[in-house]
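Q: I'm new to this one. Can you walk me through it?

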Amino acid sequence: LSPIREDERDSPGDDVASLIAGISDVDEGSLAGIAVVEAEQANGAWQVSVTGGEQWMDVAGVCPTSATLLASTPPGQNRVRFVPGLNYNGNASVTFVPWDLTSGQQSGTMGVNILNFDPVTGAFGTNTSTATVTVEPVNDSPVLTNGSQLHPMLEDTPDDGSSVASIVNGSYLDIDAGSEVGVAVVGVDNR
């Protein structure tokens, strides 16, 4: 699947036609689609669209007894995407089986028990495929959580000032692992 960026909420997703590359059916001329049977939800939500990405539906609780169906035609109309949880980066996967569109349901139908169909002559294949999306990290801005104070100085007395570490001690938060601590001086009061 096409990679997305951390916190991306409006990706266009991927066309189902790109997911079924390599799926074949011995029934010549049959149409193709997928039945989503597993969607990793721990770090975000999987969504499907049958409107070319204009409207999206959450895919939750899918399994072989409650699958979501998506056709590959017309091109670009049926899409799948992952919406990551806040600040999540890493991988997420969705698992599906092939569907030849002969089951009588429309694309976008949810809650289909594919185990009710004959595994040899039925509309659904038995071999699963897994597609994985990579959620790429982005730099998150650090936050000063509490006010910072400079140490007191006496007038007309030389002073070495305050170190950055002492200024931000206990009040600096950056969720990005391994980030360095620093500040930008954006104003000075010379009174």
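The chat below goes through some strands, a few residues and a surface patch.

Q: What kind of model is this?
A: This is a predicted model.

Q: Okay, strands. Which order do the four strands of the open sheet take?
A: The order is β2-β7-β4-β5. The pairing is antiparallel.

Q: And which strands stand at the edges?
A: β2 (14–15) and β5 (57–59). Each has a single partner strand, so one side of each is left without a neighbour in the sheet.

Q: How many bridges are there between β4 and β5?
A: Three, and the two strands pair in the antiparallel sense. Strand β4 covers residues 44–49.

Q: What is the bridge partner of Val48 in β5?
A: Met57.

Q: Switching to β8. How many of its residues are buried?
A: Eight of its ten, so β8 is mostly covered.

Q: Which strand pairs with β8 over six bridges?
A: Strand β3, residues 33–39, in the antiparallel sense. Within that pairing, Ala35 stands opposite Val97 in β8.

Q: How many bridges join β8 to β9?
A: Seven. Those two strands also run antiparallel, and β9 spans residues 129–136.

Q: Where is Ser93?
A: Ser93 is in strand β8, which spans residues 90–99.

Q: Is Ser93 buried or exposed?
A: Buried. Its relative accessible area is 19%, and buried means under 20%.

Q: What is Ser93 in contact with, beyond its neighbours within four places in sequence?
A: Ala39, Glu40, Trp46, Thr130, Ala131 and Thr132.

Q: How do side chains sit in a regular strand?
A: They alternate between the two faces of the sheet.

Q: Another serine, then. Where is Ser11?
A: Ser11 is in the loop between β1 (4–5) and β2.

Q: Buried or exposed?
A: Ser11 counts as buried, at 6% relative accessibility.

Q: And what is Ser11 in contact with?
A: Leaving out neighbours within four places in sequence, Ser11 contacts Ile4, Trp56, Arg81 and Phe82.

Q: Now the surface. Which residues form the nonpolar patch?
A: Val143, Leu173 and Ile175. Together they have about 260 Å² of accessible area.

Q: Where does Ile175 lie?
A: In the segment after β11 (172–173).

Q: Why does Ile175 count as partly exposed?
A: Because its relative accessibility is 48%. Buried would be under 20%, and exposed would be over 50%.

Definitions and conventions:
Residues numbered from 1 in each chain as written. Predicted model: local features only at pLDDT ≥ 70, side-chain atom pairs only at ≥ 80, totals over all residues. Heavy atoms only, no water. Buried < 20%, exposed > 50% of the residue type's maximum accessible area, 1.4 Å probe, protein only. Contact = heavy atoms within 4.5 Å. Pairing = 2+ DSSP bridges. Patch = residues over 30% accessible without salt bridge, like charges linked within 9 Å, V, L, I, M, F, W, Y side chains within 5 Å. Areas by Shrake-Rupley, 256 points an atom, 1.4 Å probe, with all protein chains shown as cover. Salt bridge = Lys/Arg side-chain N within 4 Å of Asp/Glu carboxyl O.
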